[in-house]
Each structure stands twice: as structure tokens, then as C-alpha cells.
Amino acid sequence: MSPAKHPPHFDASFKALFADLVRWRRDVRRFRTDPVPPDLIERLLTLAAHAPSVGFCQPWRFVLVETAERRAAIVENFRQSNQAALAGYDGERRALYARLKLEGLTLAPVHLAVCADEGTATGHRLGRATMPETLRSSVVAAVQTFWLAARSEALGVGWVSILDPAAVCRELDLPSDWTLVAYLCIGWPQEEHDDPELERHGWETRLNQTAIQPLKR
């Protein structure tokens, strides 16, 4: 048995930088077309795979979408889904929705589909009998880990959720027991902001501190 390793010490400087990293994590929709080194993406995925997972099932499955035909299918999927979403709004909210930029699919040099392997035997279903949704929650944890790691490299990430997930799985010819959790656009951002785009363009405001105070029972 190898000797136990001592945990690292995170000093005040690191903690301040980590707080900045969290605050400056943005959902990016405007990308430069400069390529992203494949080894950088590989390093980020390695970090993402250290995310927590229910029963240590590690259910995340990463799919790099590289062919023009498959990317075009995703763009069309978004177009149709976005039109359907727009139809669900009226008046000024509809007009505002129509003005928003909600994806970076045509410019981002890297497209990454992140799926949950619903049929994985890893972890022996520990922790999922009562809360099966924790399988997909584990994949979300991997997405957040990837996102923060990418931000630390000055990479931008955009999560495109205005998609038909079942159609995406068909368009990418994925195994039948994989479920799409996130479709990510990745690349070097055209601009940097410390506030969310949806807040900047008047879609929503950040909840105040009172609104996020925990309930006590």
C-alpha cells in the first residue's frame, strides 16, 4: 500500500483567485475561430473526470463533434428548437428573446456533447435506487469542473440547451442508453465580461443575498 499523501494547503492568495475564477466563469456565445490545441481539451477532460459522482459510477461520456455534416445537423436542431421556444413568449419578452444571442455553434472551434451513460454498471447502482437523478447530476458536476478548468486557461464555454436532446443523440449516432446532458461550444472568447450576458441584456437580474439565504429548520 502506498503511503498516504498530504492534502495541499490553499493559501489566502489561492482562495482569492479561486473566487475570481468562479465569478468570472461566463456562458460564452461569441468566439474567435482560432483553433484550440487538442492536448488542452484532453487535459481539461481529464480534470472533468475527477468530478464527484454518485456511487463513484463516473457516468460522463464525452463526444467531440467534428464533422461538418453533424455540426450542421446540430445547428438545424437549434434553429427549429429556438423557433419553438420563441413561440412560447409574447409581447416585449418575445421581442427581447428574439434579440438575444443564445449560441455560438457556427464560430466555436470545438463542439462537445456530454452524455450520461444510463446503463453503466460502474458503481453497482449505489445511491441511485432512491434518487436516480443523481446519475445525471454527476454529469453536471463534470461539466462544471470542465467549465472552471477551461476558464482558468482563458477558454470560453457556452452551454447550448435549446436543442431536442433525443434528436441530438440520433444525429450523433450515440448508444441508445446514453442521454444528452450538455452540448458545449468551446473556444477563445471575442470579449470578456464579469456579468452574465442575460443580465447585461435585461433578460434577468441576479438574486440578492437575502433571496439565497438557506432556510433553517
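The charged end of arginine 25 lies over the ring of tryptophan 147, at 4.5 Å from the ring centre; a charge sits over a ring if NZ of Lys or CZ of Arg is within 6 Å of the ring centre and within 35 degrees of the ring normal. Arginine 93 likewise places its charged end over the ring of tryptophan 203, 4.4 Å from the centre. The model is predicted, with local features requiring pLDDT of at least 70 and side-chain atom pairs pLDDT 80 or more, whereas totals for chains, interfaces and linings use all residues. Residues are numbered from 1 along each chain as its sequence is written, and side-chain values use heavy atoms, without hydrogens and water.

Tryptophan 203 also takes part in an aromatic pair with tyrosine 89: the ring centres are 5.4 Å apart and the planes meet at 80°, so the pair is edge-to-face (rings of Phe, Tyr and Trp, the last by its six-membered ring, pair if their centres lie within 6.5 Å; planes under 30 degrees apart are stacked, over 60 edge-to-face and the rest tilted). Tryptophan 203 is buried at 18% relative accessibility, while tyrosine 89 is partly exposed at 29% (buried means under 20% relative accessible area, exposed over 50%, partly exposed in between, with a 1.4 Å probe and protein chains only). The whole structure contains six aromatic pairs, and Phe10, Phe14 and Phe18 form one aromatic cluster.
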